[in-house]
Amino acid sequence: MEKVLMKGNEALAEAAIRAGCKCFFGYPITPQTELSEYLSKQMPKRGGVFLQAESEVAAINMVLGGAATGTRVMTSSSSPGISLKSEGISYIAGSDVPCLIVNVERGGPGLGSIQPSQQDYWQATKGLGHGDFRLIILAPNSVQEVVNLVVRAFDLGEKYRMPVMLLSDGLLGQMMEPVEFPEISDKQADKSSWAATGTKMEREHHIVNSLYIEANDLEEQVVKRYEKYAKIEETESDAELYLCDDAEIVVTAFGATSRIVKSAVNKARAEGIKVGMFRPITLWPFPKKQLLDATKNAKNVLSVEMNMGQMVDDVKLALDCKLPVAFFGRTGGVIPTPNEVLAEIKKLNGGVQ
Amino acid sequence: MAVVFERPKSLCDVRLHYCAGCTHGIIHRLVAEVIDEMGIEGTTVGVCPVGCSVFAYNYFNCDMIEAPHGRAPAVATGVKRARPDLNVFTYQGDGDLAAIGTAETVHAATRGENIAIIFVNNGTYGMTGGQMAPTTLPGQVTTTSPYGRNPKTAGYPVHVCEMLSTLDGVALATRTAVDTVPHIRETKKMIRKAFENQRDGKGFSIVEVLSTCPSNWGLTPKECIKRLQEECMPYYPLGVYKDVDTNVANAELLKMGGAI
């Protein structure tokens with residue numbers, strides 16, 4: 001298959017079109033810019049809709065409307081924009097409507113910076129809006145994986161009738177890598193049992209709604225949703241394990257940071273240090289079993305992130321405090337170097353000996 | 001026996017939750033009659049607001065979507081862009097449409113979204129118990145303007161149709177009322193025109209219906225109608241503020257004195 005050189009943001013947009021996305025609703029923000037610009041050019045030529053909304057708030061509600069008709073719909077934004085979308089994301093989750101939401105993360109809090117960051121891990125995995133709900137969160141670490149996960153995101157969303165977030169960052173969005181687009185099946189889930197497409201006077205009316213005024217009714221809905229979440233945790237969690245079999249130190253990292261960590265792990269291995277890397281591909285569900293497997297011979301765990309320590313909480317929870325878990329991070333848009341990570345690995349290696 | 005009056009098919013056979021004397025019931029019925037008469041129930045999707053008519057999804061027989069507060073025009077935009085073959089309407093109150101949803105309303109209008117908006121203006125937040133709305137009249141007492149709305153501190157009411165009539169994307173902006181039989185007939189005519197505009201691809205149509213709220217105005221239904229006529233209508237003149245078919249624009253309406 002032919003490989004093409006593409007920016008992460010553009011590859012993501014192209015993959016979305018190939019995956020059958022028919023509508024994009026968004027609002028300009030850095031560093032997701034190329035994604036919406038690419039779609040503004042391509043959608044009209046390829047039978048899709050590109051609409052620049054008046055705000056992030058409006059854009060996510062357009063997603064709610066479009067997705068409620070059973071159409072494959074997406075939006076993309078960067079950190080401050082996702083905060084604005086959180087109202088709509090909560091309604092979409094509460095209405096059991098599938099869609100794709102992309103966050104090309106930048107530095108925060110507030111206006112923060114426009115450089116790459118992973119400061120939205122907590123927001124994505126634990127706080128995307130008010131109420132008891134989850135999104136499936138996918139975290140690619142290469143332009144190729146961005147492409148692959150876009151397709152999986154649409155499929156998972158429809159399979160479980162829920163919104164899915166692809167958590168990218170300024171690094172993945174802006175860098176260019178060779179990428180190939182797999183043959184994508186245009187098969188979509190059957191949405192005829194719930195989508196608002198007009199009754200055609202052939203069925204009862206469908207109501208796409210998140211309001212349950214009776215407490216018991218709402219509890220029942222939420223509990224049902226959590227049974228679905230339990231099934232997703234059981235079957236959909238995914239991770240990459242790199243040189244973990246004999247690893248005495250396991251470095252955990254997600255997204256772009258894992259590329260830097262991999263370089264550091266290779267350098268450490270060259271120096272004879274038994275170190276491996278664990279990379280969650282699904283941030284929710286967090287791949288707990290895979291982490292336990294990756295750390296079966298480990299004496300130390302190090303979480304490396306482009307933030308002040310967010311995923312490290314889930315690492316500790318998954319390990320049930322059975323192993324010491326250290327943290328190293330750079331924040332505010334600063335990217336850690338392989339040598340900085342190597343130095344942290346060596347600190348732990350010294351501690352072990 | 002011959003049936004002379006019955007429930008429109010597009011209304012569900014359920015008890016409405018609205019207070020006695022509230023005019024939501026009349027407006028629901030008018031929307032349903034129009035949908036029936038145009039034969040479009042099977043291809044219509046309605047979008048409900050947050051407010052007194054939040055449960056409208058249980059009352060209209062067509063497919064329905066519940067939007068967050070104020071976002072109905074954005075949700076409707078999403079539906080219409082994804083499925084231009086569907087007839088899409090929103091049913092919104094004044095707090096929803098003219099306060100928290102002002103941006104969504106104005107931008108759906110200026111984009112000329114091909115949707116119909118039924119805007120029920122009773123000058124108060126009914127569902128939360130009668131707080132000051134963007135359309136509450138100067139001097140009007142509400143639970144959050146207990147000394148009467150003072151424009152110096154609380155600002156002036158929003159004239160939605162007047163404002164929207166200045167936008168190129170708007171096909172129809174009209175204000176009606178449901179206080180008398182002729183006005184109810186006129187309201188139905190305008191709702192039908194809004195749906196027909198959508199059918200004909202003319203763009204954004206809004207029908208503002210002056211309505212009453214006996215519970216929160218603290219008046220009997222009859223007194224409410226009197227207040228609507230004597231206090232609300234002079235402040236919110238009825239009339240067609242913009243109609244692309246007849247080239248009625250705001251300026252001409254003012255010359256006409258605002259009468260239908």
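A:Lys200 lies in the loop between β8 (176-179) and β9 of chain A, where helices (H or I, at least four residues) and strands (E, at least two) are DSSP runs numbered from the N terminus. The model is predicted, so that local features need pLDDT of at least 70 and side-chain atom pairs count only at pLDDT 80 or more, whereas totals for chains, interfaces and linings use all residues. Residues are numbered from 1 along each chain as its sequence is written, and chains are lettered from A and ligands numbered from 1 in the order in which they are written.

A:Lys200 has a phi near 50°, a positive value in a residue other than glycine, and is exposed, because 10 other C-beta atoms lie within 10 Å (20 or more within that distance make a residue buried, 12 or fewer exposed, and numbers in between partly exposed, with C-beta atoms placed from the backbone). A positive phi, near 55°, is also found at A:Asp96, in the loop between α4 and β5 of chain A; with 19 C-beta neighbours inside 10 Å, A:Asp96 counts as partly exposed. Most residues other than glycine have a negative phi, and most peptide bonds are trans. Against this background, chain A has a cis peptide bond between A:Gly108 and A:Pro109, with omega about 0°, and A:Pro109 belongs to the loop between β5 (99-105) and α5 (121-126) of chain A. The peptide bond from A:Trp284 to A:Pro285 is likewise cis, with omega near 0°, and A:Pro285 is placed in the loop between β13 (282-284) and α10 (288-294) of chain A.

The axis of α6(A) comes within 9 Å of that of helix α1 (residues 8-18) of chain A, and the two cross at roughly 25°, which makes α1(A) roughly parallel to α6(A). Axes here are lines fitted to C-alpha atoms, for helices over the stretch in contact, with angles from 0 to 180 degrees between N-to-C directions; angles under 35 degrees count as roughly parallel, over 145 as roughly antiparallel, 65 to 115 as roughly perpendicular and the rest as oblique. In α1(A), A:Gly8, A:Ala11, A:Leu12, A:Ala15 and A:Ala16 meet A:Val143, A:Val146, A:Val147, A:Val150 and A:Val151 of α6(A), contact being defined by C-beta atoms, placed from the backbone, that lie within 7 Å. These residues divide into nine nonpolar, one polar and no charged (Ala, Val, Leu, Ile, Met, Phe, Trp, Tyr, Cys and Pro are nonpolar, Asp, Glu, Lys and Arg charged, and the others, Gly among them, polar).

A second pair in chain A is formed by helix α3 (residues 56-68) and helix α4 (residues 79-94), which pack at an angle of about 30° with their axes 8 Å apart and are therefore roughly parallel to each other. The contact involves, among others, A:Ile60, A:Val63, A:Leu64 and A:Ala67 of α3(A) and A:Leu84, A:Gly88, A:Tyr91 and A:Ile92 of α4(A), and its residues comprise nine nonpolar, three polar and three charged.

In chain B, helix α1 (residues 24-38) and helix α7 (residues 181-199) pack at an angle of about 50°, with their axes 9 Å apart, and α1(B) and α7(B) are therefore oblique to each other. Among the residues in contact are B:Ile26, B:Leu30 and B:Val34 of α1(B) and B:Ile184, B:Lys188 and B:Phe195 of α7(B); by class, the contact has eight nonpolar, one polar and three charged residues. Elsewhere in chain B, B:Val248 occupies the loop between β9 (239-243) and α10 (250-256) and is partly exposed, with 19 other C-beta atoms within 10 Å. The C-alpha atoms of B:Val248 and B:Leu172 are separated by 9.3 Å, although these residues are 76 residues apart along the chain.

The contact between the two chains takes 34 residues from chain A and 29 residues from chain B. On the side of chain A that touches chain B, at least two residues are supplied by each of β2 (23-26), β3 (49-52), α3, α4 and β9 (207-208), and the largest share, eight residues, comes from α3(A). This side of chain A has 16 nonpolar, 14 polar and four charged residues.
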